[in-house]
Amino acid sequence: MSTATAHTEDHHHEETFISKYIFSMDHKMISKQFLITGIIMGVIGMAMSIAFRLQLAYPDTGFPILEWLFGSKWAPDGVLDAGYYMALVTMHGTIMVFYVLTAGLSGTFANLLLPLQCGARDMASPFMNMLSYWFFFLSSVVLLSSLFVETGPASGGWTIYPPLSALPKAMPGSGMGMTLWLVAIVLFIASSLLGGINYISTVLNMRTKGMSMTRLPLTVWALFLTAVLGLLSFPVLLGGGLLLLFDRGFGTSFYLSDIYLGSAGALEHTGGSPVLFQHLFWFLGHPEVYIIIMPALGITSEVIAVNSRKPIFGYTAMVISLLGIAFLSFIVWGHHMFITGMNPLLGAVFLVTTLIIAVPSAVKTFNYLATLWRGNIRFTNAMMFAIGLVSFFISGGLTGIFLGNATLDIQLHDTYFVVGHFHIVMGCAAIFGMLAGVYHWFPKQFGRMLNKPLGYIHFWLTFISAYLVFFPMHFMGLAGVPRRYYAFTLLPEYGVWFDVNVVMTMAAILGGIAQLIFLYNFFSSMFIGKKATQNPWEANTLEWTTPVERIHGNWPGEIPTVHRWAYDYSNPAYESDFMPQNIPDAGSKIELFETKQSLEDTKQKKAPNASFFTLVKNWFKPKTA
Amino acid sequence: MTEAINYTGRVHPKKFSMWLLLLGILMLFAGLTSAYIVRRGDGNWFDFQMPTMFLYSTIIVLLSSISMIYAYRSVKKDNKAGVKLGLINTIILAVGFVISQYLGWQIMQGDGLYFVNPKYGDKVSASFLIAIASIHLVHILAGIIFLIVVLVKTFNNKIDSNNTLSIDMCNTYWHFVGLLWVYLYFFLYFAPDF
């Protein structure tokens, strides 16, 4: 550790196996812990989805593997039990939303990138950071342990609406499994708050010299605003969850009213409002989907700019649209509840705010496209996944406009249209953003490169299978096929969809195989991958100025000073087509948006396209030599 | 966009993190009081006047804030006896707050307003009051633990005018939970009149 002499005094030096790999306080190690835990949870969540997709495609058909996996109680003769089908759906949703796409995505990349891209030795509080991971780990263990209790895991849907979640005797999944679910989520909220407070504190207090907020890479902006959303919305879920625990444990009636249970007769609960829980849940629930997508959007901004060799188009607009999305996400939760009998005027308000979200989202999409346009594109693996995100974000975002309409939602609510919509726009898009990040920063995290051909195979199989699984769902939903049904065998009107379900299940299995390729690539490249160079993608951001062998404290000497924004690609003022943030201007002073003049001098070079008008002017300009 | 801006060291990261934590706590109670408003708007709601005991709670918590200010100012003047006196006084008042809350709930129970009100759907208003107050009380208890930690540090001579971080954070936290109660009191007091 002789290279790491310039530590600040609060860094520990003596590293044992435990302090280095297990209870590590180094943000780079914590980011690996988050990533690998997230990948494990992702594999479990995906395996569950394949199990229940088998049931949807082949109802009443026995698959010995299901009996082997879940035991003869939950899958007698290889046919999934109906209650357990619901449990799997619930657990799949919970795992994917919270454990993979919230903690796995934000946890990994916030930990990796915030200190490295802001220019800090570590997080504001490395200890809290470590706690954040271990709360998350504990929460994962508690959640998974509910798979092994006698009554099975929670099975009332990942939204845990009362009364199924509030009455322990309502059904098997409302018992111990639900209790464990709630405990897991409380631990998860603790982890998320500890992490989020740390991320915000790091971005606001720990930036290096010269790193003003307007010079931050968009990844940092996205992860920062994600943390703000989490900090403001998770406590509300905590409040809602506490009232739910009071209903479960003490017999209060916040959410329960006039209920008759087959096993217990008429209950004494009265006066509660189950819709109240929906308000509290969705006040978190909607920001939550932006907590999921915003880091993915930030990663995409970075990956697309680097691999198009162009400045990101409309940096300021990107930041403002992130702020807009973050703000709007708090005033749209009612669109999940259009059919709860809410006041039509209130419904109209939520409709309007929901549709307004299309504006910042469209700004981001157009800016991605404008960055790609006439770029010197390098189709690296990360770039493929980033472009894939843009595709999913468009096709899933458009169906969001359908669902945001209160009137259309009456037809579409709780159908497969909703399932298709959110899987594409938040599931696939966020997963693709996450994978783009993994492919892009793998050299930074592990010092080696991922195998490129395997990456392409992974991309195409995943991309094709994702569309094959989720696109037909929209048509099923338009035809009224309801979600969360165990089987449609007794509903002949849905018979026409049987074959489609088979195709979708096949595609899901294909997608699963593609992820196995990725897992092989990921874990083998850690050890046998090609050694990475310091800056393999020729990127500008500060993380690529750190040495390849990852050291505690990140930079061996002084923390670099920042002299420019993160997107000086193909700037005609410089010889090289990239200009890292820490390199000072050698005399020539080129301001960002003055590139229009410098264009005239450097006709052979590609235009940096700093503004829309430059783009248009360039397009119509006669080609010279 | 000028260069050489050093942002580190303006606010201590720990103190900054605590402000963020307080923001989170604020959102928790914003959520709970919003739930109160939404549920009340649904009707079938029994409006009642809070026992006067909760007014005493409010006065006690405000007095404890004043005593905390005294302790904090004494630190800056290196008046050790003053710090100890202020902190002990604050802790005593905090315990008084806890007792007054408990007595308030007792008085409510005497009026037939329980936390669990089977068969009386409209009395969920009482459940709300007790739930909100008890969740707040948990934060007060955390504050008392914080105060005791700071008091022990004072007795060990670890706090003086050069080492004010922990008492500074304790000061902020205590004023926050105190003012939070004042907000909750006025909210719950005036809610029946709307």
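In the predicted model, chain A has an average pLDDT of 89, with 91% of its residues scoring at least 70.

Chain A contains 18 helices and two strands. Its radius of gyration is 25 Å, close to the 25 Å that the globule rule gives for 625 residues, so chain A is as compact as a globular protein of that length. Taken along the principal axes, the box filled by the C-alpha atoms of chain A is roughly 85 × 60 × 50 Å. Of the 625 residues of this chain, 56% count as buried, and among the contacts in chain A with a separation of 6 or more, 79% are accounted for by residues 24 or more positions apart.

Helix H15 of chain A comprises 27 residues (residues 452-478) and, at 1.5 Å a residue, should span 39 Å, which agrees with the 40 Å that separates its end C-alpha atoms. Just after H15(A), a positive phi of about 95° is taken by A:Gly480.

In the loop between helix H5 (126-145) and helix H6 (176-205) of chain A lies A:Pro163, and the peptide bond from A:Pro162 to A:Pro163 is cis, with omega near 5°. Positive phi values in residues other than glycine include that of A:Asp60, near 65°, and that of A:Arg374, near 60°. A:Asp60 is placed in the loop between helix H2 (27-57) and helix H3 (64-74) of chain A, and is exposed, because 9 other C-beta atoms lie within 10 Å, where 12 or fewer is the criterion. A:Arg374, in the loop between helix H11 (358-372) and helix H12 (381-404) of chain A, is partly exposed, with 15 other C-beta atoms within 10 Å.

The contact between the chains takes 40 residues from chain A and 37 residues from chain B. On the side of chain B that touches chain A, helix H1 (13-41) and helix H4 (124-155) of chain B each supply at least two residues, and H1(B) gives the most, with 16 residues. By residue class, this side of chain B divides into 22 nonpolar, eight polar and seven charged residues.

How values were computed
Residues are numbered from 1 along each chain as its sequence is written. Chains are lettered from A and ligands numbered from 1 in the order in which they are written. This is a predicted model: local features need pLDDT of at least 70, side-chain atom pairs count only at pLDDT 80 or more; totals for chains, interfaces and linings use all residues. pLDDT is the predictor's confidence in each residue, from 0 to 100. Helices (H or I, at least four residues) and strands (E, at least two) are DSSP runs, numbered from the N terminus. The radius of gyration is taken over C-alpha atoms; the globule rule is 2.2 Å times the number of residues to the power 0.38. A residue is buried if 20 or more other C-beta atoms lie within 10 Å of its own, exposed if 12 or fewer, and partly exposed in between; C-beta atoms are placed from the backbone. Two residues are in contact if their C-beta atoms, placed from the backbone, lie within 7 Å. The expected span of a helix is 1.5 Å times one less than its number of residues. Ala, Val, Leu, Ile, Met, Phe, Trp, Tyr, Cys and Pro count as nonpolar, Asp, Glu, Lys and Arg as charged, and the others, Gly among them, as polar.
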